[in-house]
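I am keeping these notes for anyone who wants to follow along in the viewer. Please have the chain open before reading on.

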Amino acid sequence: MATIMIVEDEQAISLLLKYNLEKAGYETISIAHGNRVVAAVEKYLPSLILLDWMLPEMSGLELCKIIRNNPDLKNIPIIMLTAKSQEEDKVVGLSAGADDYVTKPFSIPELLARIKTNLRRVSTTSQLVKKEYTFQDIRLDTIEKKVFRGDNYIRLGPTEFRILKLLIANPRHVFSREDLLKEVWGNSVYVEMRTIDVHIRRLRKALNEFGPDYIRTIRATGYSIDDHEADDNCNPE
């Protein structure tokens, strides 16, 4: 059952959406304040977000950009709801990362059809995404966001999980710190280079509790995952 997050500060519209979505078989979560949205999305990971443009504290446009810049959330479909009907407003909304754009007052049947279309698109795309990666005795499940080493569950933070996924999907490929910044954090987030080293140390410590060290630090270059013996240029930190 898909879960739709309704981000709308007008109570009448929010209740109308909730009633019709639940009648159509969806679960719903309602949020009225912009500054609570990101935390709620991270907690509930909804199947789709109906996002009002005009919200208290933070606009839907700003929220859309934040969600799209978060690697863990960027693939959640967003339908922007707004009273702005000018073509240039639609272009701005779509450019911010919205998947679809519906103007108020809207038709419930049309909105339900758009929701169904966007959910179907995501479902088709997710079928093409690899669900599991393995390297030696390390197994990474991309659906449940879990990592195992043998029969042992490895607790990782979201950043360490993304780093491991990148490394394990590209075994023996050396990623520079600049590569990791771009692939794990994205271009729009400022992160100091040494922050990467901190996360690598956390990842290595968690993995090495149950087996040998496969994370390689290649001096003056970057990091890789490799089951070969370390040479003079590869030193664990």
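Is Arg121 buried, partly exposed or exposed? I looked up its relative accessible area, which is 37%, so Arg121 is partly exposed (buried means under 20% relative accessible area, exposed over 50%, and partly exposed in between, with a 1.4 Å probe and protein chains only).

Before going further I noted what I am working with. This is a predicted model, in which local features need pLDDT of at least 70, side-chain atom pairs count only at pLDDT 80 or more, and totals for chains, interfaces and linings use all residues. Residues are numbered from 1 along each chain as its sequence is written, and side-chain values use heavy atoms, with hydrogens and water left out.

**Entry on the salt bridges.** I found that Arg121 and Asp99 meet through their side chains in a salt bridge of 3.1 Å, N to O (a side-chain nitrogen of Lys or Arg within 4 Å of a carboxyl oxygen of Asp or Glu). Because Arg121 lies in helix α5 and Asp99 in the loop between α4 and β5, the pair ties together parts that are 22 residues apart in sequence. Helices (H or I, at least four residues) and strands (E, at least two) are DSSP runs, numbered from the N terminus. Asp99 is also partly exposed, at 33%. I then looked at Arg149, which forms a salt bridge with Asp137, the closest N and O atoms being 3.0 Å apart. Arg149 counts as buried at 1% relative accessibility, whereas Asp137 is partly exposed at 33%. The search of the whole structure gives 14 salt bridges.

**Entry on the sheet.** I traced an open sheet of four strands in the order β6-β7-β8-β9, with antiparallel pairing (two strands pair if DSSP finds at least two bridges between them). Its edge strands are β6 and β9, each of which pairs on one side only. Strands β8 and β9 pair over three bridges, and Arg149 stands opposite Asn152 in β9.

**Entry on helix α7.** Which residues of α7 are buried? I listed Arg177, Leu180, Leu181, Val184 and Trp185. They cover an arc of only 105° around the axis, which puts them on the same side of α7; the arc is that of the directions from the helix axis to the C-beta atoms. Among the elements that cover these buried residues are α6, β10, α8 and β12.

**Entry on the whole chain.**

Technical notes. Contact means heavy atoms within 4.5 Å.
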